[in-house]
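Biologist: I would like to learn how to read a ligand site and the charged pairs in a model. Could you take me through them one by one?

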Amino acid sequence: MPDIQQDLKVVADKVNAYLKDFLQKQCSDSKLYQAMNYGLFSGGKMIRSYLIHSSCKIVDVQEKEYIPIAAAVECIHSYSLIHDDLPAMDNDDFRRGKESTHKAYGEFTAILAGSSLLTLAFEIISNLNFNISYEKKIKIIYALSSCSGHLGIAGGQFFDLSLKNENVNKDNIISMQNKKTGALMGFCIEAAAILADKKDLEEKFKRIGIKLGLLFQITDDFLDKYGSAEILGKPVQQDMAKGKNTLIEYLGEDETQKLINNLQVEIEQDLKSLPKTNFLLDCMSFIINRKN
Ligand code: GRG
């Protein structure tokens, strides 16, 4: 597996520095502000920031244009994890090796910290100091908001929770996972095409991101089944216990492995005619082989 850990950290540090600076300017000493910081800076891999970085390499977009977008994406991602852990959702007490936000700060504070991170994402992008054209901003805001709501993350989460212990088919599971996990990753790659003003690549990039999201989610499901709680920073074997629908359970491991291989080949084909794809290809290998 290519070692992208060092590169991941470099990008993560830049995105975190941007977020810390942005938040410091809004400085508040409230417990709500502390809970937002706790959910945001608690040692996530920041793979979505790296997806944006890798796809911006392909289309030559400069760092000052994409770091704020990555910061906004990390806000939405952290928001989704804070809410995912709540008692009304997955009811998980641990995340990233620490107490989940509602365990550390209480339930209503965690709900409001999550909601505030959602709006923070759009404060970051619409901020006048973020200097990209208004047309690009509107397109970014549209793409990011639509992948977060009922047609994206929130909708995927709804199906994930409502279909527990129900009989579903392969298409239902893929559709749920594409929304829950794929939509935001689709945005990460699509954003590079929007920033580069490459309209012809927007849809293609989004589809690549959704496929990477499916690979990411399948690995997540394997890690839940066979991974180490210590490395993952949260309890394992939860999907089965909670009656969750996963492709491993539905298709079996051999068929799921075939799906992984096919997706990998498709993504390599999709990227074939493009330059400087090595970052994104290495990121794909990391996604498939990661241990946390
Ligand atoms: C975001 C609008 C909106 C609503 C929230 C709670 C919820 C609705 C959605 C939950 C979505 C969810 C938890 C999807 C799972 C995605 C996933 C595999 C997360 C783990 O991502 P990693 O491994 O996490 O990148 P780290 O800890 O590294 O940041």
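Predicted model: local features only at pLDDT ≥ 70, side-chain atom pairs only at ≥ 80, totals over all residues.

Biologist: How many residues surround the ligand, and which are the closest?

Modeller: The ligand is surrounded by 22 residues, and the closest of them are Lys45, Arg48, His77, Arg96 and Ser148.

Biologist: What distance separates the polar side-chain atom of Lys45 from an oxygen atom of the ligand?

Modeller: For Lys45 that distance is 2.5 Å. His77 has a side-chain N or O atom 2.7 Å from an oxygen atom of the ligand, and a polar side-chain atom of Arg96 likewise lies 2.7 Å from a ligand oxygen. As for cover, the ligand taken alone exposes 760 Å², of which the protein buries 92%. The elements that give two or more residues to the shell are α3 (47-58), α4 (63-85), α8 (153-162), α9 (170-195) and α10 (199-226).

Biologist: Now to the charged pairs: how many salt bridges does a search of the whole structure find?

Modeller: The general idea is that side chains of opposite charge can pair when their charged atoms come close. In this structure the search finds 18 salt bridges. One of them joins Asp60 to Lys276, with the closest N and O atoms 2.8 Å apart. This pair links distant parts of the chain, since Asp60 sits in the loop between α3 and α4 while Lys276 sits in the loop between α14 (253-271) and α15 (278-289), 216 residues apart.

Biologist: Is Asp60 buried or exposed?

Modeller: Asp60 has a relative accessibility of 53%, and exposed means over 50%, so Asp60 counts as exposed. Lys276, at 41%, is partly exposed.

Biologist: Which residue forms a salt bridge with Arg95?

Modeller: The partner of Arg95 is Asp85, and their closest N and O atoms are 2.8 Å apart. Arg95 belongs to strand β1 (residues 94-95) and Asp85 to helix α4, 10 residues apart. Both Arg95 and Asp85 are buried.

Biologist: Which parts of the chain does the pair of Glu249 and Lys225 tie together?

Modeller: These two side chains meet in a salt bridge of 2.9 Å, N to O. Because Glu249 lies in helix α13 (residues 247-251) and Lys225 in helix α10, the pair ties together parts 24 residues apart in sequence. Glu249 is partly exposed at 38%, as is Lys225 at 24%.

Biologist: Which residues are linked in a network of salt bridges?

Modeller: Asp90, Asp160, Lys180 and Lys244 are linked in such a network.

Conventions
Residues numbered from 1 in each chain as written. Heavy atoms only, no water. Near = heavy atom within 4 Å. Polar contact = N/O pair within 3.5 Å; in protein donor to acceptor, adjacent residues only side chain to side chain. Areas by Shrake-Rupley, 256 points an atom, 1.4 Å probe, with all protein chains shown as cover. Helix = DSSP H or I, 4+ residues; strand = E, 2+ residues; numbered from the N terminus. Salt bridge = Lys/Arg side-chain N within 4 Å of Asp/Glu carboxyl O. Buried < 20%, exposed > 50% of the residue type's maximum accessible area, 1.4 Å probe, protein only.
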